[in-house]
Amino acid sequence: LVDALSKVRLSGLRLELETYSTGGERIEAPDSDHPGEESPAFRGFDHMESYYADFTAEPAPNVQARLSLNVLGNVPQNPIDEIFYENRGRTKSLDVDGDDVDLGALERLSVYQAEFSWEDRWFQLDGFYRTGHLHWQYEGDFFGLYRDAFYGENIDTYNGRAPLGVEIDGKRSLAGLSIAYGPQLWWGANPSVYLKYRRSFGRVTATAMYVDEFADQNSVTSSIAVPRPPTHTATLTLETTRGPLGLQLGGIWGGETKIGEDFQVAVADEDGTPVQQDHVRSSDTFGVKAKLTYQKGRWNTYTQAAYMGIVAEGGPTAIPTFTGWSLKDTGSGNQSNIMGGVALTLGRFQVGPNVLYQKPLVGPVDPDLGDPAKPRNILEDPFAVRGSRETFGAELLITYDPTPATWMWDWDNDVREDAGLAASLGLVYRDLRTTMDAAIGILEDGTTPFAFPAATPPRELWELRSRVVARPTPTARLVGQLYAGTGEPNGDDPRLVHYYGATARVTGRALAFAAYAKLNEWGPYDYHRDFNYTYPIQLMGDVSYSLGTPAWFDLPQTRFGVRGTWRSLDRDSPRYCPVMTTDGTGSSVCNPNAPGDDGTEWEIRTYFHIGI
C-alpha cells in the first residue's frame with residue numbers, strides 16, 4: 001500500500017474566491033429582499049468558493065494519469081451571466097404532490113478533468129475527459145470527420161461532458177493506424193469508433209477512414225452541439241505534390257442508415273401542391289471533393305470543389321489554407337460548391353482575395369408555401385439545409401506580419417507573436433440567396449431540444465474585422481480587435497442585426513487589463529443568438545495583478561482583480577421589464593413590449609485566485 005501511494009501525488013491546487021454585486025433598473029431580477037426562482041434570482045451581493053485539486057499517478061515510467069476534482073463552497077444566485085460551471089451546485093427542489101421539496105445542492109463534488117497516457121513500443125494510447133484533442137485534418141482527414149475538441153470556456157459554461165474517449169496511434173508495423181473510441185469524442189458526437197489508416201505509395205499518400213456511430217447521444221447541453229441520428233461513414237483520400245503543385249482527391253460514403261427515409265421537396269406545381277414527397281436513395285450517400293494548390297515565390301493559390309450527396313455528411317474545415325480566410329467549406333452534405341483564393345506576399349504585407357459559391361442539391365422548405373410544407377430539421381428528417389444554404393461569398397484579407405515565423409493565424413498567436421506590431425484587416429460579404437430549414441434550439445430546462453418553425457429570409461450580410469497584436473515594450477503585450485457588420489440569428493426571427501464592437505487586452509510585468517465595448521450585439525450564450533436577443537450597449541473592464549507574468553487563455557494563475565460589466569436593455573433583450581401587467585390567469589408578469597425607457601443591469605465582481 002505504501003509503495004502504491006508513493007506513485008500518486010498532489011500535482012496541482014486551485015482556490016477561486018469571488019464576490020458578486022449586481023443591480024439595475026427595469027429588469028426582471030428582484031432585489032435581494034425578495035429573491036425569485038429564475039436566474040439571476042435577485043439584485044444584490046453574493047459570493048462563490050470553488051476549489052480544484054489535481055492528482056497525478058505514475059504506475060510505471062511509461063504510464064501517467066491525471067485526475068482533477070472540483071469542490072464547491074457557496075454558489076452565487078445573482079450573477080448577470082447566469083450560466084456557468086459552478087451553477088450545477090445550486091439548490092434544487094422537487095414537486096411532490098404540489099409541494100416543493102428542497103433537495104439542496106446535489107453536485108458539490110465533480111470530476112472536472114481526467115486524462116492518461118500510455119506509451120508502448122507498439123502504440124501510443126491517450127485517454128481524455130474534458131481535456132481536448134486535435135482533429136485529424138493534418139493527417140489526411142480531408143472531409144473533416146474527426147473534429148477538434150478544444151472548446152475553451154464554453155465546455156465549462158454549459159457543463160459539457162466532452163470530449164470523452166481514447167485515441168490509439170500505432171507504431172512499428174502498425175504505423176499509420178489510428179483509432180479513436182468513446183461515448184462523446186467531440187461535443188455533440190454520438191458514441192463512435194473512428195478508424196484511420198495512412199500510407200504512402202511513392203509520391204502518393206493514401207488515407208482511408210471509417211466511422212461507426214453505434215448508439216444515440218443522449219446528452220444535449222447546448223444548441224451549438226446538438227447530436228444527429230447515428231450513421232456510418234467511410235472516406236478515401238489521395239494526396240500528392242509535384243514541384244509547386246499539390247493535389248488532394250477524396251471520396252465519401254455516408255448516411256447509409258437513412259436510405260429509404262422520406263423528405264419533402266418544395267416545388268412550383270401548377271395544381272397548387274407546394275411540396276412533394278421524395279426519399280433517400282443509395283446514390284445520395286456518395287460525394288467527391290478535390291483541392292489543387294500552387295505555391296511558388298510570393299504566389300499561393302488554391303482551387304477547391306466538392307459534390308456531396310444529400311446524406312453524405314462530413315465536417316467543417318478546421319485548418320487554414322495559406323492565410324486566415326473566413327470563407328471555407330462547411331463539409332455538410334446536400335451541396336455542390338467551388339471556391340478559390342490567392343494569397344500574394346508583398347514584402348511584409350500579404351493580400352488575399354477569396355471567393356466561394358455553394359448550392360444545395362435539394363433546397364430548403366419554406367413554411368410560407370403553406371400546408372403541408374414544413375421546414376426540415378436534423379432530428380426528424382434525413383437532412384436539413386443549414387450550412388449548405390445557397391451562398392455566394394467574397395472576401396479580401398490584408399495582413400501585415402513582419403515576423404512570419406510567428407504566424408499571424410496560429411491559434412496561439414496572442415502569446416507567440418514577437419513582432420513589434422502585426423495586424424490584419426478583413427472584409428467578408430455573403431449573398432445568402434434562399435431561406436434555410438429549421439435550426440435546433442434548447443428549451444429553458446437546458447436539455448430538451450426543439451425545432452424552430454421557420455428560418456431567416458434571403459439576405460446579404462457583411463463583416464469588417466481588424467486584429468492588432470503589438471509589443472510596445474519587451475514586457476508589455478497588446479491584442480485588440482475592431483469589428484462591424486450585419487448578422488442574423490440561428491432561429492426564425494427575421495430581424496437583421498447591425499453590430500459594432502471592440503475588444504482589447506494589455507499585459508505588463510504583473511498587471512493585466514481587459515475590456516470590450518459591444519453595440520447592438522448578442523449576449524454571451526448560444527440562446528441569445530438562437531432567439532435574437534441583443535443588447536444596445538455592453539461594456540466590460542477587468543484589471544488584475546498576478547504573481548509573475550499574466551497568463552493568457554485564462555490559464556490557472558495566482559492573481560486578484562476586479563471586473564465590472566454594464567449593459568443596457570431594450571425590448572430585444574432578455575430580462576427587460578419596463579412595466580408589470582396582469583396575464584390571463586391574474587398573475588403579475590413583465591411586459592417587455594410596453595413603451596418605456598431602456599433598462600440596465602450591472603455587475604461588479606472581485607476575485608482572488610490561487611494556482612499552484
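Two strands pair if DSSP finds at least two bridges between them; strands (E, at least two residues) and helices (H or I, at least four) are DSSP runs, numbered from the N terminus. This is a predicted model, in which local features need pLDDT of at least 70 and side-chain atom pairs pLDDT 80 or more, while totals for chains, interfaces and linings use all residues. Residues are numbered from 1 along each chain as its sequence is written, and side-chain values use heavy atoms, without hydrogens and water.

Q: Which residue of β26 stands opposite G480?
A: Strand β25 covers residues 477–487. Strand β26 (residues 497–507) runs antiparallel to β25, and 11 bridges join the two. Opposite G480, the residue in β26 is A504.

Q: How many bridges pair β24 with β25?
A: A hairpin of 6 residues leads from β24 to β25. R467 stands opposite Q481 in β25. Strand β24 (residues 459–470) pairs with β25 in the antiparallel sense, and the number of bridges is 8.

Q: Which cysteines form a disulfide?
A: A disulfide is a pair of cysteine sulfur atoms within 2.5 Å, and by this rule the count comes to 1. With sulfur atoms 2.1 Å apart, the pair is C577 and C590. The partners lie 13 residues apart and link distant parts of the chain: C590 is in strand β31 (residues 588–590), and the loop between β29 (559–569) and β30 (580–582) holds C577. The angle about the S-S bond is -90°, a left-handed link between C577 and C590.

Q: How many charged residues line the second largest pocket?
A: This pocket (on a 1 Å grid over the protein atoms alone, an open set of points where a 1.4 Å probe fits, with protein on both sides within 12 Å along at least five of seven lines) holds about 2,000 Å³ of space. Its lining has 48 residues (an atom within 4 Å of a point), of which E38, S39, E82, I83 and E444 are closest to the centre. Elements giving two or more residues to this lining are β4 (92–96), α4 (526–530) and β31. With Asp, Glu, Lys and Arg counted as charged, the lining has 18 nonpolar and 15 polar residues, and the charged ones number 15.

Definitions and conventions:
Buried < 20%, exposed > 50% of the residue type's maximum accessible area, 1.4 Å probe, protein only. Points joined across faces, edges and corners; volume = space filled by probe spheres on them.
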